[in-house]
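My notes follow in the order in which I looked things up.

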Amino acid sequence: MTALAPSPVMYDVERIRRDFPILSRSVHGKPLVYLDNAATTQKPNAVIDRIVRYYREENANVHRGVHYLSEIATNAYESVRTTVKKTINARSEKEIVFTGGTTEGINLVAYAWGRKNVAAGDEIIISAIEHHSDIVPWQMLCQATGATLRIIPVSDAGELLLDEYAKLLSSRTKLVAVGHASNALGTINPVKQITEMARAHGAIVVIDGAQGIPHLRIDVQDIDCDFYTFSAHKVYGPTGSGVLYGKEALLEAMPPYEGGGDMILSVSFEKTTYNALPYKFEAGTPDIAGVIAMGAALDYVASIGVENIAAHEHDLLLYATARLQEIDRLRIIGTAAHKAAVISFVLEGVHPHDIGTILDQEGIAIRTGHHCAQPLMLRYNIPATGRASFAMYNTREEVDALVAGIGKVLEVFG
Amino acid sequence: MSDLRELYQQVILDHNKNPRNFRELPEATKKVEGYNPLCGDHYTIYLDVDGDTIRDVGFTGSGCAISKSSASVMTQTIKGKSKEEAERLFNVFHKLVTGEPGDTSTAELGRLAAFSGVSEFPARVKCATLAWHTMRGALEGKEVISTE
């Protein structure tokens, strides 16, 4: 987020838009304005074509056959581990476990690390602005072990109260789990500081990176977190694939998550020897095309430069914030100083669901609802919000369309 | 805008702004919560049932314009009716908002006709039917109704 402002020559949003075929379609007779990127991003040709090429030319199971196609597929699949390693600056490919997505990554840690290392009387700390996927697995772990869940409170602006967090930390704290960026408010959390504070009490740290990876340069060694997990589909890749990064020593000491093929070295009815990292955690045939296409997505992002994308999105965030604040009856929920390009808002006298329907008629896609963060909605005493979330291909003109669309909402509701 | 005006008809906007029977019913014999977790719509329906007759009905809660106006119109529609009649009206309304052909004339539909536009918006059918499902659940003796 400290990148230089993008020069128009360097950042050609129109050229980028041409890489995303869906952006040229219309919805209800209007050009699509896609502002639901925190739910899922659209896919560039590089990703779509990679999936097609895999199925047309390379399809075979991985780590199995000696035949030509199996070797091609295995190489393509395994090369993504190196791509991910570089993208997040992990130390080794052994630290990169492929998963079905962020949720599976969190559940894997809660199950494989948690059941072994958490006991009655221990405490797990999460924050008040977590997505349900970073709440429920920890609740389940607490129920199974007798541990207690503690919550870092949040300010009215949507920033975690680190003084309160400091008070929660103790020798009982076994694990701290926070999102890198909030899907509902956009707040970017100081994950490095949060990790350092947890470390001082001997706790491990899990970062839910679902909203981090699309907007930020990720350096897991710099953050020094123990686990970092994300989904491909939030970063222009396909649904169904994702990554769990874990420090090698921790992964090594953890029991497997699921049993099956590929995660074993040898099986007899008396004894099974588990495979080495990272395969120990990858039972069964994975989403091979999904992983390969995730690699294509990360390569695509790298070709544009995540700092350039972040700068472009930050410009959109500032512009959209200013334009939306011009609307009298509109209130933005989440005004942290450090924000990803996500704007949650409420409109006095109009329920977000009605806003969503009316904007949809204008071809504008936003998310309305509780954003899988019901405790957060309760914190702000609102049932739901409308949420516009931006990606590398959005434009100021689309922000203008959103503002005009909200004008229509006010017209209908008077 | 034409489709939108079909959906957000004047009756709906009016009932959203000034919901009728929007109150707790201290003498209620049945009280049921209706909840749509997807959008957070949340209502409580109060029924004062005397034998077979719905003597009075009220509701509280919050949600979108479609769900709130639907609850409001429902309270007016079923007040004073028999349980059997309320069940029949449930079916009439359900057909109307899901676009199923029904044999009820517009005149007979009365205020309910304002919800005919909902059938063009499948994502909003649950909003329109939440209060109705809740009312029906109350008559069946349930305590919490979820339309998710």
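I began with sequence separation in chain A: among the contacts (heavy atoms within 4.5 Å) between residues at least 6 apart in sequence, I noted that 72% join residues at least 24 apart. This is a predicted model, in which local features need pLDDT of at least 70 and side-chain atom pairs count only at pLDDT 80 or more, while totals for chains, interfaces and linings use all residues. Residues are numbered from 1 along each chain as its sequence is written, chains are lettered from A and ligands numbered from 1 in the order in which they are written, and side-chain values use heavy atoms, with hydrogens and water left out.

**Chain A overall.** I find 14 helices and 17 strands in chain A, where helices (H or I, at least four residues) and strands (E, at least two) are DSSP runs numbered from the N terminus. For its 414 residues a compact globule would have a radius of gyration near 22 Å, and the 22 Å of chain A agrees with that; the radius is taken over C-alpha atoms, and the globule rule is 2.2 Å times the number of residues to the power 0.38. Along the principal axes, the C-alpha atoms of chain A fill a box of roughly 75 × 55 × 35 Å. Of the 414 residues, 59% count as buried (under 20% relative accessible area, with exposed over 50% and partly exposed in between, for a 1.4 Å probe and protein chains only).

**H11 and H14.** I then looked up helix H11 (residues 306–325) of chain A, which packs against helix H14 (residues 396–413) of chain A at an angle of about 25°, with the axes 10 Å apart. Axes are lines fitted to C-alpha atoms, for helices over the stretch in contact, and angles run from 0 to 180 degrees between N-to-C directions. On the H11(A) side the contact includes Asp315(A), Leu316(A) and Tyr319(A), and on the H14(A) side it includes Arg396(A), Val399(A) and Asp400(A). The residues of this contact divide into eight nonpolar, no polar and four charged, where Ala, Val, Leu, Ile, Met, Phe, Trp, Tyr, Cys and Pro count as nonpolar, Asp, Glu, Lys and Arg as charged, and the others, Gly among them, as polar.

**H2 and H3.** Helix H2 (residues 45–58) of chain A packs with helix H3 (residues 68–88) of chain A at about 160°, their axes 10 Å apart. That makes H2(A) roughly antiparallel to H3(A). Arg50(A), Tyr54(A), Glu57(A) and Glu58(A) of H2(A) meet Leu69(A), Ile72(A), Ala73(A) and Ala76(A) of H3(A), and I count these as five nonpolar, no polar and three charged.

**Single residues.** Is Thr83(A) buried or exposed? Thr83(A), which lies in helix H3 of chain A, is buried at a relative accessible area of 17%, and, leaving aside residues up to four places away in sequence, touches Gly295(A), Leu298(A) and Asp299(A). Glu14(A), in helix H1 (residues 13–18) of chain A, counts as partly exposed at 43% relative accessibility; Glu14(A) and Tyr393(A) are 379 residues apart in sequence and 7.8 Å apart in space, C-alpha to C-alpha.

**Chain B.** Last, I noted six helices and four strands in chain B, with 50% of its 148 residues counted as buried.

Note on methods
Parallel < 35°, antiparallel > 145°, perpendicular 65-115°, else oblique.
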